[in-house]
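Trainee: Could we go through this one together? I have a few quick things to ask.
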Amino acid sequence: MPTPTARPQTLASLILIGLFSLGLHAPAHAADTKPEAKADAKSEIELPPLSEDKKVHQSITLNGKVLNYDATVGAIKVRDAKGKVTAEVVYTSYVVPGADAKRPVTFAFNGGPGAASVYLNLGAIGPKRVQFGDAGNVPSDSSELKDNGATWLDMSDLVFIDPVGTGFSRSLEDADKTKADFYATEPDIKYLSRVVYDWLVKNGRLRSPKFVMGESYGGYRAPRIAYHLQTQLGVGVKGLIMVSPYLDPAAIGDDSALSPLPWMINLPSMAAVQLESQRRLTPAAMQEVESYVRKQYALDLFAGRSDPAAIERLVGKVSGLTGVDAQVVGRLDGRLDIGTFLREVHRADKKIGSIYDANVTAWDPFPESADRKSGDPILDALIAPTTSAMVDFITREVGWKTEARYNALSYDVNHAWDRAATNKDKPVSDLRMAIANDPNMGVLIVHGYNDLACPYFASRLIIDQMPKMGSSPVRLSVYPGGHMFYSRDASAQAFKRDARALYGL
């Protein structure tokens with residue numbers, strides 16, 4: 001799911017470690033039925049109590065068969081090393097009752113940091129769906145939920161977890177302690193892993209095959225949570241699904257003085273935007289683009305501005321691939337940044353493309369300005385339908401009541417996030433170690449071609465550099481669409497087909 005700010009300004013740091021440190025954050029078991037200790041009654045933040053867990057029975061018809069399930073909204077307490085409750089994490093689960101212990105359970109996280117899990121829930125794999133994230137979607141669109149024909153509920157029970165500060169999840173500490181305990185990379189992995197463990201214990205599911213899914217910055221979380229579960233909490237993970245993942249922060253961004261990687265990673269997705277607009281987007285066409293990027297494009301970038309012939313080649317080829325005027329590309333010496341691309345590729349129509357899918361556009365409210373002054377077309381359009389749909393589902397359909405505000409996308413969390421440890425390749429390192437630790441663990445990485453927030457080519461290059469371990473190689477699938485490619489029905493169904501193999505179905 002998208003980050004709260006757009007990459008043309010600061011996206012590389014937004015989307016968006018093995019050893020357990022008791023001093024940092026060590027939640028105790030959260031499923032305790034004993035009365036709260038006195039310390040819990042003296043929380044630093046006085047808030048109305050959350051509702052008790054609520055459950056409703058629902059059904060969906062898939063492939064002509066009725067599937068009955070229980071939808072539950074509940075909360076898991078997070079405790080510090082002394083047992084004091086420091087936060088309450090709210091989840092939404094969909095469980096098929098009466099299934100045996102072999103039925104899988106999938107834990108899903110979105111990104112940001114600062115995004116609730118509503119996007120994967122009501123957009124991708126949950127049993128209900130609200131339309132958002134595609135061309136023509138606007139804030140005033142209906143927030144009515146409909147059955148999701150692409151749900152994964154026939155393959156796995158589903159648990160959607162909202163990190164602290166998102167959805168209805170909340171910290172019970174002051175701002176400084178909240179930032180230290182929840183709004184930083186390392187404690188984030190530790191407490192969310194513990195929430196997964198606590199849900200499994202609370203629901204008697206430790207014997208079930210377990211899968212972890214993360215989108216965007218959730219893709220940064222997923223391999224690290226899997227490794228932490230394996231090595232610190234004693235929970236094996238059967239499979240990982242990373243959706244439009246933010247896997248290698250150090251490689252993404254335009255502020256590198258020497259590395260050609262940012263330019264190489266971005267260009268294929270820019271080319272995909274142009275090919276789709278011409279109805280020529282195919283895997284074969286993209287393979288040609290990738291081959292050019294790996295070879296002549298990289299060589300010309302390394303040649304630098306001291307080689308006029310290299311610059312001339314860059315300008316001509318980049319202009320042709322992206323549809324941006326050669327004079328504009330020429331002023332940049334062939335190094336076309338994302339902000340310029342999003343503005344220029346639709347300038348003739350006086351529109352602006354979205355960083356999450358550049359073929360989704362909005363009117364430019366300030367076309368006379370040299371700089372872009374408006375928000376992202378997708379980001380600004382999805383908050384209303386997702387928030388309204390999720391709050392209505394939780395409070396009216398399920399009956400879980402609260403006075404709190406629902407944060408589908410929290411700018412406060414994003415701005416407070418401590419990124420000191422983020423710009424490292426820890427997700428890739430932990431992914432390698434998790435696979436080495438369990439070669440039977442399946443891994444599926446998925447992207448949309450048009451995504452410029454987390455371009456798919458970064459994952460392609462990362463996989464190509466990984467050593468071969470075990471008989472289940474990391475698989476990459478790329479679909480038409482952008483960051484939330486699943487907003488397109490055909491891509492959502494293709495994603496589910498690829499996932500079925502991961503689940504052994």
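Trainee: Which residue lies over the face of phenylalanine 366?
Mentor: Lysine 373 does, at 5.8 Å from the ring centre; a charge sits over a ring if NZ of Lys or CZ of Arg is within 6 Å of the ring centre and within 35 degrees of the ring normal. Bear in mind that this is a predicted model, where local features need pLDDT of at least 70, side-chain atom pairs count only at pLDDT 80 or more, and totals for chains, interfaces and linings use all residues. Residues are numbered from 1 along each chain as its sequence is written, and side-chain values use heavy atoms, with hydrogens and water left out.
Trainee: And what sits over the ring of tryptophan 363?
Mentor: That is the charged end of lysine 351, 4.6 Å from the centre of the ring.
Trainee: Switching to aromatics, how many pairs does a search of the whole structure find?
Mentor: It finds 21 aromatic pairs, a pair being rings of Phe, Tyr and Trp (its six-membered ring) with centres within 6.5 Å, where planes under 30 degrees apart count as stacked, over 60 as edge-to-face and the rest as tilted. Phenylalanine 168 and tyrosine 406 make an edge-to-face pair, because their ring centres are 5.1 Å apart and their planes stand at 70°.
Trainee: Is tyrosine 406 buried or exposed?
Mentor: Tyrosine 406 is buried, with a relative accessible area of 6%, and phenylalanine 168 also counts as buried, at 4%; buried means under 20% relative accessible area, exposed over 50%, and partly exposed in between (1.4 Å probe, protein chains only).
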